[in-house]
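The sequence and structure are shown below.

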Amino acid sequence: RSREKMGNQRSCQDRANINTSSRWVPSPEELQSRLIRRSRVSYWLAQFVAHLFSRPRPKAKTSAAIMMKTIVLLISLAAVCSASRYASRDVTMDLFKSLLSLPQQLGRDLENPESPYDFKWDDCSGGKGVVQLKALDIKPDPIPLPGNITAMGSVVSTAAIASPIKAAVELYKKVGIWIKIPCIDNIGSCEYEDLCSFLPSSPCPELLQKYNLPCHCPFAAGNYTLPTSPIDINVGSLPSWLADGDYHGKAQLTDAEGKLLACMEVYISLTVG
């Protein structure tokens, strides 16, 4: 019996070795095909979520409808994340663009209004930033894009600021729940090594010159104020995936040594024409 048992063990081991050696491994082309099919499923799930959000909400079933839509959205996002684990960055970004480009109803316009109810801003430096935001206002609210707006703001800089000015930006959009927008074409939740490199090398715009506001590094210490002024927002400067919805943005600026320079947080609602 012991010999028979040993023989059975060997045969099982042999079968295991055979199964291991003959295990099927997909080719790169087959793997790519699988990823493309999975990406398509994610895309249509996102479209289905958009359809659900655009339907009228029965008064008696508002909570249940929101819950079901949130569940479907989570499934969609899980599918996107699952695909992005192995898919190329281009495929992943295309999926996010498809999701972000779906117009969303503003929280304030829902039958049961949800935050944000209006434009909000905050200085998130806790009083420790070299530059502190004292006032900010943008009208109309929601902000039409493209369109004409009026804006005012005031900041105080307690010390001079020079290059490099590093920035860590987080940007979210509400699609039933808040989702973090990845860094797409250098816009979204991105990190920038030096904001000074993005500033114009030519003379400052006329509006800034009018109120003696700088637009080149370094920035001197002082009080800077932009009175309520008209600003024209050109659609050509906007990302193609930008669509109606509520957005939450946060930007933290630091110097080369990591010292906090400034922190600003905003909630805005956009209507894109």
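## Overall make-up

The protein has 5 helices and 10 strands; helices (H or I, at least four residues) and strands (E, at least two) are DSSP runs, numbered from the N terminus. This is a predicted model, in which local features need pLDDT of at least 70 and side-chain atom pairs count only at pLDDT 80 or more, while totals for chains, interfaces and linings use all residues. Residues are numbered from 1 along each chain as its sequence is written, and side-chain values use heavy atoms, with hydrogens and water left out.

Of the 273 residues, 35% are buried (buried is under 20% relative accessible area, exposed over 50%, partly exposed in between; 1.4 Å probe, protein chains only). Among contacts (heavy atoms within 4.5 Å) with a separation of 6 or more, 64% join residues 24 or more positions apart.

## P164

P164 sits in the loop between β4 (147-157) and β5 (166-175). Its relative accessibility is 29%, so P164 counts as partly exposed.

Leaving aside residues up to four places away in sequence, P164 touches E193, D194, T254, D255 and A256.

## Confidence

Mean pLDDT (the predictor's confidence in each residue, from 0 to 100) is 77 for the protein, and 65% of residues reach 70 or more. Confidence is highest in strand β1 (residues 120-123), with a mean of 97, and lowest in helix α1 (residues 2-21), with a mean of 42.

Residues 2-26 stay under 50 in pLDDT and have 2 contacts beyond four places in sequence in the model. Residues 84-88 are also below 50, with 5 contacts beyond near neighbours in sequence.
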